[in-house]
Amino acid sequence: MRKLICTAVVFLVLGVSFGCKNSTTKPEPNKQLPLVQKMTSPAAMASSLPHIMVNKDVALMSWVETVDDTLTTLKYSELVDGEWQESESILSGTNWFVNWADYPMISENNGSLWSHVLKKSSLGTYSYDIKMNVKPKGETHWNTDLRLHTDGTPTEHGFVSIVPYQNNFFVNWLDGRNTEANEVGEHGAMTLRGGVVSATGNLIEEYELDDKTCDCCQTTSAITDNGPIVIYRDRSNKEVRDISIVRQVNGEWTAPKVIHEDDWQIIGCPVNGPKVDVLGNNLVVAWFTGAGNKQKVQLVFSSDGGAQFSAPITIVEGRVIGRVDVLWADEETAVVSWMEANDKTALFKAMAITLSGKTSQQQVITEMVDSRKSGFPQMEIMEETLYFAWTEQEAAVTQVKTAKMQVEALSFN
């Protein structure tokens, strides 16, 4: 069970020397490890777009490495005894759509692996398919280049979220099949679709979940006791782009429902999606909004699988970039992360928050460049340790960096 100790920061003492009363040797001062410990990254130079996932006792991280701006390779590493192992390659390509906000992902379920990349489907700038790669349990090689969606249109498909589901995977994505011009030149809206994929890469079920959504904000999903849910940035006819939820209950999908009416009216996509985590039927959701020209990160809880949500708690406001992540530490406490502006740089921060709204001190994970190249930082938890990944840039070169921190280090004052 994941457990948070709401006390002062626990310091890890490296060593203390003791002497007898008559000794003239003075004890060495206590030395403590930093709260955030940098890890050896398995990613080489020219790497970016990390994604971390944890399923029970398995933790994986994927990322891409690019050579000469042409050949891109999807790689991954497993976390063993708190350290990232030597990387393995899944596949390479020269015709991928590599985007700072729409990153590839990896997942695991009962020993079977799933990953995806975005592959160009025509000469159009935003014309690409979601291609799956699967490695069923017991297999030694990846089966690659499997198209997820079934429409075959040369349009945009991306912003995937993926979670283990029964013996399969539940996957959802933004689908642009209706945006292709019709015979009179009219374009439809971006849609939200979802489905169930087998360990061998077969699309078993497929659904349209919302017929009009924001075009390029990340989606997020989870499996509650009632069934799958998807949370995403919606889009009304008046260009209000607030966060909505769809839920599968008794095998049927509910209509989209806004989880809180921020009333953020914006002409264009903010490229800033929500994040969700689940424990049974308890949800925690974090997201960024710029409603009323006030940038802030908000968080809500639900105890009934997303049917109802608490009033939003403002995590941070002001010079906020967003790019949030959130997860449960235990049944009473969640951890949320975000990015905020810091003069000409940005700060990647994290903080714990209880169901009652009590918050810990804010912890800086790292300082990073204030640009798209920094991408979307990642956060996961395993055995009471938080693991982080982000893209760091020095000069013109990027590299995926990693760090870890004990959950109990986020102390409550």
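Y207 and W253 are both buried in this predicted model. Their rings have centres 5.5 Å apart and planes at 55°, so the pair is tilted, since planes under 30 degrees apart count as stacked and those over 60 as edge-to-face.

**Aromatic pairs**

- The model holds 13 aromatic pairs by the rule applied here.
- W264 and F288 form an edge-to-face pair, 5.8 Å centre to centre with 75° between the planes.
- W264 lies in the loop between β19 (257–258) and β20 (275–279) and F288 in strand β21 (residues 282–289), so this pair ties together parts 24 residues apart in sequence.
- W264 and F288 are both buried.

**Charge over a ring**

- R323 is placed over the face of F376, at 5.6 Å from the ring centre.

- N172 is located in strand β12 (residues 168–175).
- The side chain of N172 makes polar contacts with the side chain of S161 at 2.6 Å and with that of T219 at 2.9 Å.
- Beyond its neighbours within four places in sequence, N172 is in contact with several residues, among them F159, V160, L192, R193, G194, S221 and V230.

Methods:
Residues are numbered from 1 along each chain as its sequence is written. This is a predicted model: local features need pLDDT of at least 70, side-chain atom pairs count only at pLDDT 80 or more; totals for chains, interfaces and linings use all residues. Side-chain values use heavy atoms; hydrogens and water are left out. Helices (H or I, at least four residues) and strands (E, at least two) are DSSP runs, numbered from the N terminus. A polar contact is a pair of N or O atoms within 3.5 Å; within protein, one must be able to donate a hydrogen and the other to accept it, and residues adjacent in sequence count only if both atoms are side-chain atoms. Contact means heavy atoms within 4.5 Å. Rings of Phe, Tyr and Trp (its six-membered ring) pair if their centres lie within 6.5 Å; planes under 30 degrees apart count as stacked, over 60 as edge-to-face and the rest as tilted. Buried means under 20% relative accessible area, exposed over 50%, partly exposed in between (1.4 Å probe, protein chains only). A charge sits over a ring if NZ of Lys or CZ of Arg is within 6 Å of the ring centre and within 35 degrees of the ring normal.
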